[in-house]
Amino acid sequence: MNSRRTIIGRPLVNLFIQTHIVKSFSTALNPAPHNPPCLVDPAHLLRVCTILYQQQNAPISKLETHLLKTQFSFSHEFFLQVCNKFPYSWRPVHHFYKFTLTQPGFTHTPVTLNKMLDVIAKARNIDLLWQVLHEMTEQKVANDKTFRIALKTLAAARELKKCVECFHLMNSNGNGYSVDTLNKVVETLCKEKLVDEAKHVVVKLKDWIKPNGVTYGHLICGFCDVGDMIEASRIWNLMMDEGFEAEVNVIDTLMERFFKDNKFDQGLKLFQAMRVKRMDELGLTTYNIVIGWMCKRGKISQAHVVFEEMRKRGIQADQTTMASLIYGLVCKNRVREACLMVENIDKPEISVYHALIKGFLKLRKVRDATEVFREMIRRGCEPIMHTYIMLLQGHMGKRGRKGKDPLVNFDSIFVGGMVKAGKVLEATKYSERALKRGLEVPRFDYNKFLQYHSNEEGVVMFEEVGKKLREVGLFDLADIFVRYGEKMATRDRRRIRDVPE
């Protein structure tokens, strides 16, 4: 295999560690390290925000008159708190900013200006954002965070020409073209699924800023995240042609994308190429990806070979690795071996119990899965929402079904929950589909069902349903319902609830 045309992968890991640390919003202008943050009087803040809201469409002079008549202690922290009160409304924030410019002795910092720019960006006021960005660059207070906020908004609005002009604007005001800034912007855009826009910026700026391996790595991971393997392959080949070597996290991302797209052979070829040429760089993350997907495909013997290789290299397996192996063994009905592995773990995490539950459910051993659920509670491992959803799907199917007794009707439980939550239209649609079985009944949404009853009324409902389920002999399902009702009481009750012995 030609290694220069290989594509490689793992979940996107941030290569760039932010060196620009934004100060806390409670930090005043140039404070001494030992000074406490400046406090804001809530009454003053409420009074000013009320004026800004009521007079946001009034002339600036009228707004300034009202503010001047109001007594309040002004500081940078106060400005930031005002921005927090209007996170998506640019008018009050921008008008208050204009008022601060008339105050003698007050100077904005990059933190306050970036906060205002973020509010304008969330409001999608492109013209004002462009104007403020020009002002910040002319005042030489723009930093990396400024351009990341601006580029993310402009790219989402498909203002690609202005995206490129941002870097020229930065250069014309003394900041200079920087590949580090480009990488930060590309990373931000890729995280927001704006990979095509990020690629456009890189291509258009190639004459001024030459991309490096980090730039290409962010683009490859971004295209893998959106599932565009063709474009990821092109970027990979371009990176290889320019003599850059991919980081391990980029290779892991590509490998995992291959596995998700059912291109298992290509993913394994990529892993084999890494073992031959860059064995020393392989770490626990790469092995976890390969072992996890081998176990999902039922290739237990191959997974054990990779596991032994990892141990011989001195890499200590974590509980994610053990959970993958346990799930693979249970799916192959090798339950005894899986239980021995669990016993050898000192403090099993929830991923280990989930592996057991998921494996038993795949074998249609719902009772065994429920016993694992009880065992994890006895050992002090608290179930999460995903635990309950897996168990309910195992007992009732992914589409939901009726119980053996007319009183235990899961359809009616769900419809009643939607009605109590005010979802009358959704309840009506579901009832129509349930009554007319000729129509396709949609997949049952257990997540919504549990959320609708995550309150005090839900506790009573789960207790009543639990009693009815026990009356008809469904003790496992009753325990799941009652336990969830106890867990999802109000927040105060969850905090004081005693852990069962």
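In which loop is R124 found? R124 lies in the loop between α5 (110-122) and α6 (126-138); helices here are DSSP runs of H or I with at least four residues, strands are runs of E with at least two, and both are numbered from the N terminus. The model is a predicted one, in which local features need pLDDT of at least 70 and side-chain atom pairs count only at pLDDT 80 or more, while totals for chains, interfaces and linings use all residues. Residues are numbered from 1 along each chain as its sequence is written, and side-chain values use heavy atoms, with hydrogens and water left out.

**Overall make-up**

The protein chain has 27 helices and zero strands. Of its 501 residues, 48% are buried (under 20% relative accessible area, with exposed meaning over 50% and partly exposed in between; 1.4 Å probe, protein chains only). The accessible surface is about 25,900 Å², and carbon and sulfur atoms account for 50% of that surface; areas come from the Shrake-Rupley method with a 1.4 Å probe, and for residues only the protein chains shown count as cover. Among contacts (heavy atoms within 4.5 Å) between residues at least 6 apart in sequence, 68% join residues at least 24 apart.

**Positive phi angles**

Most residues other than glycine have a negative phi. R124, not a glycine, has a positive phi of about 60°. K193 also has a positive phi, near 65°, and is placed in the loop between α9 (179-191) and α10 (195-204).

**Helix α17**

Helix α17 (residues 319-331) has 13 residues and spans 18 Å from its first C-alpha to its last, close to the 18 Å expected at 1.5 Å a residue; the expected span is 1.5 Å times one less than the number of residues. Eleven of the 13 residues are buried, so α17 is largely enclosed by the rest of the structure. Among these buried residues are M322, L325, I326 and Y327. The buried residues of α17 pack against α15 (284-296), α16 (300-312), α18 (335-343) and α19 (350-362). After α17 comes N333, with a positive phi near 65°.

**Cysteines**

The whole structure contains zero disulfides, a disulfide being a pair of cysteine sulfur atoms within 2.5 Å. Two cysteines are listed below.

| Cysteine | Nearest cysteine sulfur | Distance |
|---|---|---|
| C190 | C221 | 8.2 Å |
| C224 | C221 | 6.4 Å |

C190 is buried, with a relative accessible area of 2%. C224 is buried as well, at 2% relative accessibility.
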